[in-house]
Amino acid sequence: MSEQGVGEKRTAVIGAGVMGETLLSGLIRAGRSAEALVVVEKRTERAAELAGRYGVRVVNDVTEAAVAETVLLVVKPQDMADVLTELGPALRPGQLLVSLAAGITTGFVEARVPDGVAVVRVMPNTPALVDQGMAAISPGTHCDESHLAEAEELMASVGRVVRVPEKQQDAVTAISGSGPAYVFFVVESMIEAGVHLGLPRTIAQELVIQTLVGSATMLRETGEHPAVLREQVTSPGGTTAAALRELEVHRVRAAFLAALEAARDRSRELGS
């Protein structure tokens, strides 16, 4: 193991589930030393697995995370209050808490920690698993630019990051936080349709997935509005026009709006 760099900030990760491990591995790939990282995991077998895989210190006492300058809270929304009850008394002003729990507001966290602890709220998504995540971050009451920059750097280790006002976080949750599930739902539906039309499942899957990857790459690299790219594929009276007409008849746009409103409303409920 390499020695902790001089002046390197210590970072603690509370919660070593899928997203917690994703961030841990991303930070190490981004150049953070294992000696500057500590993980809180109460399951003995899981703790041993993480220590062996990453060479990090793994502890089972939440309060031990308080030695770090930055603490990542990667726990379920319903567990956040209990974690903060344990952690709060061990914290000190100036520390940074980065919360990745859906729906949990900075105010919720700040009410349970000492005055002066900086809190940043983050909404990540699962493509972080392949370093293609999309995260939105929002500052709490005691955040300054250095705190936001630190949170930004942490999340940039596994994808892209944007800053938004906290009032927009429920909408972010609906769009990108839950977004991968909508994409997977559409992909699943297209594959099933391909099988129904007579294609072998493996061929249908290859066609759909590569079409998705190629289309996303076109959006990113051309910078064109999706409507422009859609029109380029849609010949008057052609096959694409026939398919799009059916999607409009079945009110797919309206269904997406209703679905995203439901996700936003549920995010608000989690934080209340």
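Analyst: The second largest pocket holds about 650 Å³ of space. On a 1 Å grid over the protein atoms alone, a pocket is an open set of points with protein on both sides within 12 Å along at least five of seven lines, a cavity is a set where a 1.4 Å probe fits but cannot get out, and lining residues have an atom within 4 Å of a point. Grid points are joined across faces, edges and corners, and a volume is the space filled by probe spheres set on the points. This is a predicted model, in which local features need pLDDT of at least 70 and side-chain atom pairs count only at pLDDT 80 or more, while totals for chains, interfaces and linings use all residues. Residues are numbered from 1 along each chain as its sequence is written, and side-chain values use heavy atoms, with hydrogens and water left out.

The second largest pocket is lined by 26 residues, and those closest to its centre are Gly15, Val74, Val75, Lys76 and Asp79. Helix H1 (18-29) and helix H3 (80-87) each supply at least two residues of this lining; helices (H or I, at least four residues) and strands (E, at least two) are DSSP runs, numbered from the N terminus. By class, the lining has 15 nonpolar, four polar and seven charged residues, where Ala, Val, Leu, Ile, Met, Phe, Trp, Tyr, Cys and Pro count as nonpolar, Asp, Glu, Lys and Arg as charged, and the others, Gly among them, as polar.

An annotation can be set beside this lining. In an unreviewed entry, UniProt lists Ile14, Gly15, Ala16, Gly17, Val18 and Met19 under "binding site", and the lining of the second largest pocket takes in Ile14, Gly15, Ala16, Gly17, Val18 and Met19 from this set. UniProt positions are given in the numbering used here, feature names are shortened, and annotations may be inferred rather than shown by experiment. Gly15 sits in the loop between strand E1 (11-14) and H1, whereas Met19 is found in helix H1. Leaving aside residues up to four places away in sequence, Met19 touches Val74, Leu100, Pro124, Asn125, Thr126 and Ala128, contact meaning heavy atoms within 4.5 Å. Met19 and Pro77 are 58 residues apart in sequence, and their C-alpha atoms are 14 Å apart in space.

The unreviewed UniProt entry also places "domain: Pyrroline-5-carboxylate reductase catalytic N-terminal" at residues 12-103. That span is 34% helix and 20% strand, and its end C-alpha atoms lie 22 Å apart.

Pro124, Asn125, Ala128, Gly133, Met134, Ala135, Met155, Val158, Gly159 and Arg160 line the largest cavity. Strand E7 (133-139) and strand E8 (159-163) each supply at least two residues of that lining, with E7 giving the most, three residues. The lining of the largest cavity divides into six nonpolar, three polar and one charged.
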